[in-house]
Amino acid sequence: MYVPPHCTWKCQPLDQLVNKRLKELLRTRWIETQNQYKNIITESEKRKKIIQDLKISLPLISSKVIENSWKMANIFIEEENFMIEELN
């Protein structure tokens, strides 16, 4: 599949808003809990910590942000809006 230059955002709607917001939340969480990271040494411990941070951060992203990311890419289908409503 060929994607013209500067158009990958159309194929990756979540990158525009959702992943950006998630990175902000994870960065904030890391800063707030930085002292906890000092004792983490092994790769297994690092994975457990990031999973804990993801569990806390993901629910903070609203369904509206997710919906808007699809709308920005012009691939949001109104008829399927009920699916988003049901998930909440």
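Modeller: Helices (H or I, at least four residues) and strands (E, at least two) are DSSP runs, numbered from the N terminus. Read that way, the elements run α-α-α-α-α-α-α from the N terminus on. That is 7 helices and 0 strands.

Some ground rules come next. This is a predicted model, in which local features need pLDDT of at least 70 and side-chain atom pairs count only at pLDDT 80 or more, while totals for chains, interfaces and linings use all residues. Residues are numbered from 1 along each chain as its sequence is written, and side-chain values use heavy atoms, with hydrogens and water left out.

H3 has 15 residues and reaches 21 Å from its first C-alpha to its last. The expected span is 1.5 Å times one less than the number of residues. For H3 that expectation is 21 Å, and its reach is close to it.

Which residues of H3 are buried? Buried means under 20% relative accessible area, exposed over 50%, and partly exposed in between (1.4 Å probe, protein chains only). In H3 the buried ones are Val18, Leu22, Leu25, Leu26 and Arg29. Seen down the axis of H3, they fall within an arc of 95 degrees, so they line one face of the helix. The arc is taken from the directions that run from the helix axis to the C-beta atoms. On the other side of H3, Lys20, Lys23, Arg27 and Ile31 are exposed.

What does the buried side of H3 pack against? Its partners are helix H2 (13–16), helix H5 (43–57) and helix H6 (63–72). Contact here means heavy atoms within 4.5 Å. Take Leu25 as a case. Beyond its neighbours within four places in sequence, Leu25 is in contact with Ser57, Leu60 and Ile61.

Leu25 also belongs to a nonpolar core. Such a core is a set of buried Ala, Val, Leu, Ile, Met, Phe, Trp, Tyr and Cys residues joined through side-chain atoms within 4.5 Å. The largest one has 5 residues: Val18, Leu22, Leu25, Leu26 and Ile61.

Now look across at H5. The buried residues of H5 are Lys49, Asp53 and Ser57. They cover an arc of only 70 degrees around the axis, which puts them on the same side of H5. These residues pack against H3 and H4. The face turned away from them carries the exposed Lys48 and Lys55.

Next, H6. Ser69 sits in this helix. At 0% relative accessibility, Ser69 counts as buried. Ser69 touches Pro13, Leu14, Leu17 and Val18, not counting residues up to four places away in sequence. Val18 is one of the buried residues of H3. The side chain of Ser69 also reaches the backbone oxygen of Ile66 at 2.6 Å. This is a polar contact: a pair of N or O atoms within 3.5 Å. Within protein, one atom must be able to donate a hydrogen and the other to accept it, and residues adjacent in sequence count only if both atoms are side-chain atoms.

What follows H3 in the chain? Thr33 is buried, with a relative accessible area of 7%. A polar atom of its side chain lies 2.7 Å from the backbone oxygen of Arg29. Arg29 is itself a buried residue of H3.
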